[in-house]
Amino acid sequence: MREITYREALREALREEMIRSPEVFVMGEDAGVFGGIFGVTAGLMAEFGEERVLDTPISEAGIAGAAVGAAMVGMRPVAEIMFVDFLTIAMDQLVNQAAKWHYMSGGKLKVPMVVRTPTGTGRRTGAQHSQSLEAWVAHVPGLKVVMPATPYDAKGLLKAAIRDDNPVVFIEHKMLYNDKGPVPEEEYLVPLGKAKVAREGRDVTIVATSLMVKRALQAASALAEEGIEAEVVDPRTLRPLDIDTIIASVQKTGKLLIVHEATTFCGFGAEIAAQVAEKALYSLDAPIARLGAWEVPIPFSPSLEDRVVPRVEDIVERARTLVRENI
């Protein structure tokens with residue numbers, strides 16, 4: 001099978017859905033002529049024209065509001081917000097409008113829109129461009145939240161998100177755009193709300209999201225050299241959450257470590273931990289462990305930025321401790 005980058009996989013998903021449906025269009029700051037802040041929409045304006053690939057003013061609230069309005073009258077907008085940090089400016093439209101209209105109209109209105117936005121650290125862009133805010137939007141009934149970790153999932157999940165009749169916040173990691181992986185050329189979708197066992201193991205379950213899936217797999221390889229077999233589970237979709245796949249893994253291993261890039265306090269890992277405790281407490285033979293970023297704004301200094309978010313060695317150490325101290 002051919003291998004393409006995460007960025008190319010996303011672009012293919014957009015292009016295929018725009019060919020498939022005239023209702024799909026793309027918009028955002030620099031999404032057209034420039035091709036998007038990280039190049040995902042490059043070439044789409046030349047192929048589909050300025051009416052379907054729109055450069056917008058610098059107004060995240062305006063972008064989100066326009067997407068809500070367009071979706072409510074039958075279009076399927078894919079809006080790009082340059083950094084997840086700027087969702088804060090678009091939150092009124094997302095939380096008070098996009099998430100509410102289907103319910104408040106008694107099901108008469110649909111809001112089939114996707115908001116794509118890059119998340120996380122690694123690009124040395126400082127405290128206001130490097131956050132991980134997925135738990136903020138996952139908390140809102142009416143919003144779906146997706147975090148792909150591989151090119152295959154990026155393409156299949158984005159196509160599924162565009163076809164979904166609900167508003168979807170699609171969170172891409174800026175340090176995954178250049179990663180290559182196998183992506184079929186033929187049509188496929190990855191359903192929203194279905195987790196993936198990225199690596200099978202018997203000793204400890206590591207649930208990781210986005211870039212942390214890659215690091216958890218690297219940690220699992222290192223742990224295997226010590227005789228510890230870690231199972232890595234990628235939820236792929238935070239809402240709806242496939243808790244059944246996570247619980248099935250915990251029932252096999254008896255131990256759970258949750259890893260994400262957001263700060264631990266009120267991070268999405270708390271939701272996973274709570275649901276496992278509620279539904280599978282007696283399958284655990286050790287306390288649930290969580291690993292997230294330090295309780296600080298993301299530093300601009302490269303060495304400090306790298307230190308405050310979970311590294312491969314941090315995951316190895318925490319998983320090793322969880323297993324060794326609870327045999």
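What span should the 13 residues of helix α12 have at 1.5 Å a residue, and how far apart are its end C-alpha atoms?

1. Helix α12 covers residues 312-324. The expected span, taken as 1.5 Å times one less than the number of residues, is 18 Å, and the end C-alpha atoms lie 18 Å apart, which agrees. Helices (H or I, at least four residues) and strands (E, at least two) are DSSP runs, numbered from the N terminus.

2. This is a predicted model, in which local features need pLDDT of at least 70 and side-chain atom pairs count only at pLDDT 80 or more, while totals for chains, interfaces and linings use all residues. Residues are numbered from 1 along each chain as its sequence is written, and side-chain values use heavy atoms, with hydrogens and water left out.

3. In α12, D314, I315, V316, A319, L322 and V323 are buried (under 20% relative accessible area; exposed is over 50%, partly exposed in between; 1.4 Å probe, protein chains only). These buried residues pack against β10 (204-208), α8 (211-224), β13 (256-263), β14 (289-293) and α11 (302-308), where contact means heavy atoms within 4.5 Å.

4. The axes of α8 and α12 cross at roughly 55° and come within 8 Å. α8 is therefore oblique to α12 (angles under 35 degrees count as roughly parallel, over 145 as roughly antiparallel, 65 to 115 as roughly perpendicular and the rest as oblique). Axes are lines fitted to C-alpha atoms, for helices over the stretch in contact, and angles run from 0 to 180 degrees between N-to-C directions. On the α8 side, R215, A216, Q218, A219, A222 and L223 meet V312, I315, V316, A319 and R320 of α12. This contact of α8 with α12 has 8 nonpolar, 1 polar and 2 charged residues.

5. Helices α1 (residues 6-20) and α7 (residues 151-163) pack with axes 8 Å apart, at an angle of about 30°. They are therefore roughly parallel to each other. Among the α1 residues that meet α7 are Y6, L10 and R20; their partners in α7 include P151, L158 and R163.

6. Some backbone details deserve a check by eye. Most residues other than glycine have a negative phi, and most peptide bonds are trans. The peptide bond from R239 to P240 is cis, with omega near 5°; P240 sits in the loop between β12 (237-239) and α9 (243-253).

7. D30, in the loop between β2 (24-28) and α2 (44-48), has a positive phi near 65°. D30 is partly exposed, at 40% relative accessible area. R124 also has a positive phi, of about 55°, and is partly exposed at 30%.

Conventions
Ala, Val, Leu, Ile, Met, Phe, Trp, Tyr, Cys and Pro count as nonpolar, Asp, Glu, Lys and Arg as charged, and the others, Gly among them, as polar.
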